[in-house]
Amino acid sequence: MQENQEKFIELVNEKIRNQNLKYSILTMGCQLNENDSEKIAGMLEKMGYKYEEDYKNADLVLFNTCCVRENAEERLFGKLGEIKKIKETKGTIIAVGGCMMQEPIMLEKINKSYRYVDVVFGTHTMQNLPEDIYKTIIEKKKVKDVIDIDGEIIEGLPIKRNDKFRASVTIMNGCNNFCSYCIVPYVRGRERSREPEKILEEVRNLAKEGYKEITLLGQNVNSYKGNDKIRNFADLLIEVNKIEGIEIIRFESPHPKDFKDDVIDAIAKCEKVARIIHLPLQAGNTKVLNEMNRKYTKEQYLELAYKIKERVPGAVLSTDIIVGFPGETDEEFEDTLDVVRKLNFEQIFMFIYSVRKGTRAETMPNHIPENIKSERFNRLKILADKITQSIFWNTLFLYPKSCSVT
């Protein structure tokens with residue numbers, strides 16, 4: 001696989017050498033998408049393309065898509081409409097990849113309504129991009145490179161980091177949870193964990209290059225499965241913590257159902273692991289959580305949160321909350337507000353529920369009217385803002401009087 005990739009990187013490099021061609025990447029989505037875009041940029045630069053921030057001036061424009069939120073679709077199709085005129089003028093190569101291209105309905109829309117797109121690739125075929133671009137340049141072909149099966153873990157991809165001190169490291173791909181509102185398992189496939197030594201090697205190399213902060217990435221990091229020596233996510237945290245040069249370790253995203261005692265103990269033991277811990281709630285009512293297929297109750301979530309705060313000195317929590325899930329009553333939404341009041345989250349990422357085609361929630365009865373969803377969202381935001389202000393002032397008064405805070 002790697003030999004084939006390197007072959008086409010060199011072929012493209014030979015073809016475009018001395019032409020000063022530029023690329024631009026528009027990333028839509030989570031930190032995993034951003035990490036993928038860094039690998040795409042690495043491949044493009046080895047092919048001989050130079051980065052251009054303004055996509056209107058680029059010779060190759062690539063969209064790395066997300067399908068978790070509805071506005072990502074609107075943004076993609078809006079940008080594709082804009083760039084059509086640019087392509088007609090200067091022959092820009094347009095490539096669209098990522099999660100959205102794993103959805104048959106989106107793939108069909110691209111093929112039908114945006115025929116000027118040159119390359120379409122999915123989450124399991126990103127490593128084939130050099131070959132796809134070669135075919136576009138040399139053979140003038142429209143390339144569709146999407147497979148429905150779970151892809152392999154591809155090691156050794158070139159990467160261009162966006163930061164000199166902070167870096168993300170993917171430890172696993174895919175998800176087995178099938179939350180009823182989420183399309184991710186269908187587009188990223190089932191869970192596949194990287195070999196622990198590959199992860200540790202990548203982190204050691206980053207430390208040698210001067211990186212100080214590492215974020216370990218996965219759809220559900222604490223379900224990571226290693227080998228006989230490094231068995232699970234707790235073991236992995238402990239090993240990464242030993243690497244000299246790394247000063248801060250973060251991770252995204254854990255699932256409450258897999259946040260076991262060994263992970264809590266590892267965080268408490270590892271002085272480099274950040275004490276701001278992301279613990280997605282999604283909803284505070286047990287019935288709604290069951291409909292979401294989250295596999296924990298309100299009471300179990302609260303018990304876990306209190307346990308983390310008790311056993312990890314200085315721990316504070318951030319969370320995700322979805323407002324207006326199908327069938328959610330106002331009384332059930334009050335349970336969410338109750339959890340927020342009890343836990344005083346440092347930060348809340350709030351989302352109004354939007355339908356994702358192909359998910360179980362799409363066909364559920366009693367979808368909530370938009371005006372009610374907006375009203376609940378505003379109530380949550382007001383509460384979250386009050387808590388944030390309270391945390392700020394409480395922290396402020398902890399400073400000695402001689403300190404100035406700007």
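Me: Over how many bridges do strand E5 (residues 119-121) and E6 pair in the parallel sense?
Reply: A word on the basis first: this is a predicted model, in which local features need pLDDT of at least 70 and side-chain atom pairs count only at pLDDT 80 or more, while totals for chains, interfaces and linings use all residues. Residues are numbered from 1 along each chain as its sequence is written, and side-chain values use heavy atoms, with hydrogens and water left out. Strands (E, at least two residues) and helices (H or I, at least four) are DSSP runs numbered from the N terminus, and two strands pair if DSSP finds at least two bridges between them. For E5 and E6, the number of bridges is three.

Me: In E6, which residue is the bridge partner of phenylalanine 121?
Reply: Strand E5 covers residues 119-121 and pairs with E6 in the parallel sense. Across that pairing, phenylalanine 121 has as its bridge partner aspartate 145.

Me: Which strands stand at the edges of the open sheet of six strands?
Reply: The sheet has parallel pairing and the order E2-E1-E3-E4-E5-E6. Each edge strand has a single partner, so one of its sides has no neighbour in the sheet. The two in question are strand E2 (50-51) and strand E6 (143-145).

Me: How many of the 17 residues of H2 are buried?
Reply: Here buried means under 20% relative accessible area, exposed over 50%, and partly exposed in between, with a 1.4 Å probe and protein chains only. H2 is largely enclosed by the rest of the structure, because its buried residues number 13.

Me: How far apart are the end C-alpha atoms of H2?
Reply: The expected span of a helix is 1.5 Å times one less than its number of residues. With 17 residues, H2 should span 24 Å. The model agrees, since the end C-alpha atoms are separated by 24 Å.

Me: Which residue takes a positive phi just after H2?
Reply: The phi in question is about 115°. It belongs to glycine 48.

Me: What is the phi of asparagine 344, about?
Reply: Asparagine 344 is found in the loop between helix H12 (330-343) and E14. At a relative accessible area of 40%, it is partly exposed. Although asparagine 344 is not a glycine, its phi is positive, at about 50°.

Me: Which two residues does a cis peptide bond join, with omega about -15°?
Reply: One of the pair, serine 253, lies in the loop between strand E11 (248-252) and helix H9 (261-269). The cis bond joins glutamate 252 and serine 253.

Me: What does the count of disulfides come to?
Reply: A disulfide is taken as a pair of cysteine sulfur atoms within 2.5 Å. The sulfur of cysteine 30 has its closest cysteine sulfur 6.2 Å away, in cysteine 66, which is too far for a bond. The sulfur of cysteine 182 is likewise too far from its closest one, 6.1 Å away in cysteine 179. By this rule, the count is zero.

Me: How many residues does the largest nonpolar core have?
Reply: A nonpolar core is a set of buried Ala, Val, Leu, Ile, Met, Phe, Trp, Tyr and Cys residues joined through side-chain atoms within 4.5 Å. Those with the most contacts inside the largest one are Leu216, Phe233, Phe251, Phe259 and Ile308. A second, separate core of 29 residues includes Met28, Ala72, Phe77 and Tyr116. The number of residues in the largest core is 72.

Me: What is the relative accessible area of tyrosine 224?
Reply: Tyrosine 224 lies in the loop between strand E10 (213-217) and helix H8 (233-241). Leaving aside neighbours within four places in sequence, its contacts include Ile171, Pro196, Phe233 and Leu236. Tyrosine 224 is buried, with a relative accessible area of 2%.

Me: In E14, which residue is the bridge partner of serine 318?
Reply: Strand E13 (residues 316-323) runs parallel to E14, joined by six bridges. These strands belong to an open sheet with the order E12-E13-E14. Serine 318 has as its bridge partner glutamine 347.

Terms used. Contact means heavy atoms within 4.5 Å.
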